[in-house]
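Take a look at the model below.

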Amino acid sequence: MTRMQAVKDYFARLILFVGDKPLWLVALFFGVFAPLWVFGQLAEELWEGKPFFFDVPVLHFIHSFASPTLDVWIGHLTRLGGATGMVPLSVAICVFLLVQRRARDARFFAVAAGGAALINLLAKACFGRARPALWPSPMPETDYSFPSGHAMASMAVAAAIMVMVWPTRWRWPLGIVAGVFVSLIGLTRLYLGVHFPSDILAGWSVSLAWVLGVALIVEVRHAPPALAEVRHALQKWRKNIKREFRVLRLVAADARTPRWSKILLSLAIGYTLMPFDLIPDFLPGIGHLDDAIIIPLLVVLALRRVPPEVLAECRQQATAEQEAAV
């Protein structure tokens, strides 16, 4: 199998996998695409040199609660979200998983946590944003600010743990603990005045998207290959996109179409007509992800659940409308 065939086969697996598992479809859009959109918006504004209206007011508000005693406690807590806390914790989790003979989970966790750290280093070097200098910090930092390394590390570890425990009864208790921990780490960085709120939001967003993206890749790799079915659907979509757009409108309006398919088709049609992109085009590699993947993915997933007779009738009606227009 060539590299291009392998890529096509992977996306075929992806489409069928999320189509049969609605929870993963929700995770794909709200855990990967939505956070990427948030990060993209923040990165675009920062790249253009535009200030964020909420950064300075939020920092001043949090600093109004500062005290010498709180400085000490915040200092201890913030170390847990940095290398002092995250590296030993990550190593311990990997060792535990290997001892439990869960090598696949150990590899996933190592890639999720290690990849987030690498992304943080590259992003900081790329954007080169200076640290806030609104007051002397009790724990000053000297490297770049965007995105927050503490926010990314804590989110990566917490999200990776949640992915592994989600099928178990521990997901809600650990989810609450993880959410509180990640929020507190982000708050300590703002209290110390070493990060802007936009740094924290960017760190959380890109880290969450990375971890869930890695988790999805791991799951899809173990899904059965089904390239022919998806390739056929995508080729039909590309050949006659104008007629297919009419078909989609008719299918979405048909009373026999399942509600889940109507929602997906409405999202695809609405996104096509939007005057702006959710993922900015200037982002390398992912800037055109929405056009190349999101819309065809929504369409294929929706049509897989539409009764064949409904789809056939809508195609006939769309063809008749197209011929009448000519």
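Is Phe65 buried or exposed? Phe65 counts as exposed, because its relative accessibility is 52%. (Buried means under 20% relative accessible area, exposed over 50%, partly exposed in between, with a 1.4 Å probe and protein chains only.) This is a predicted model: local features need pLDDT of at least 70, side-chain atom pairs count only at pLDDT 80 or more, and totals for chains, interfaces and linings use all residues. Residues are numbered from 1 along each chain as its sequence is written, and side-chain values use heavy atoms, without hydrogens and water.

Phe65 sits in the loop between helix H3 (55–63) and H4. Helices are DSSP runs of H or I, at least four residues, numbered from the N terminus.

The largest nonpolar core has 33 residues. Such a core is a set of buried Ala, Val, Leu, Ile, Met, Phe, Trp, Tyr and Cys residues joined through side-chain atoms within 4.5 Å. Phe39, Phe108, Phe109, Phe127, Phe146 and Val211 touch the most other members. Helices H2 (22–47), H5 (83–99), H6 (103–127), H7 (149–165), H8 (171–191) and H9 (197–221) each give two or more residues to this core. Apart from it lies another core, of 27 residues, including Ala252, Leu264, Val306 and Val310.

Last, the cysteines. The whole structure has zero disulfides (pairs of cysteine sulfur atoms within 2.5 Å). Cys94 counts as buried because its relative accessible area is 16%. Cys126 has 44%, so Cys126 is partly exposed.
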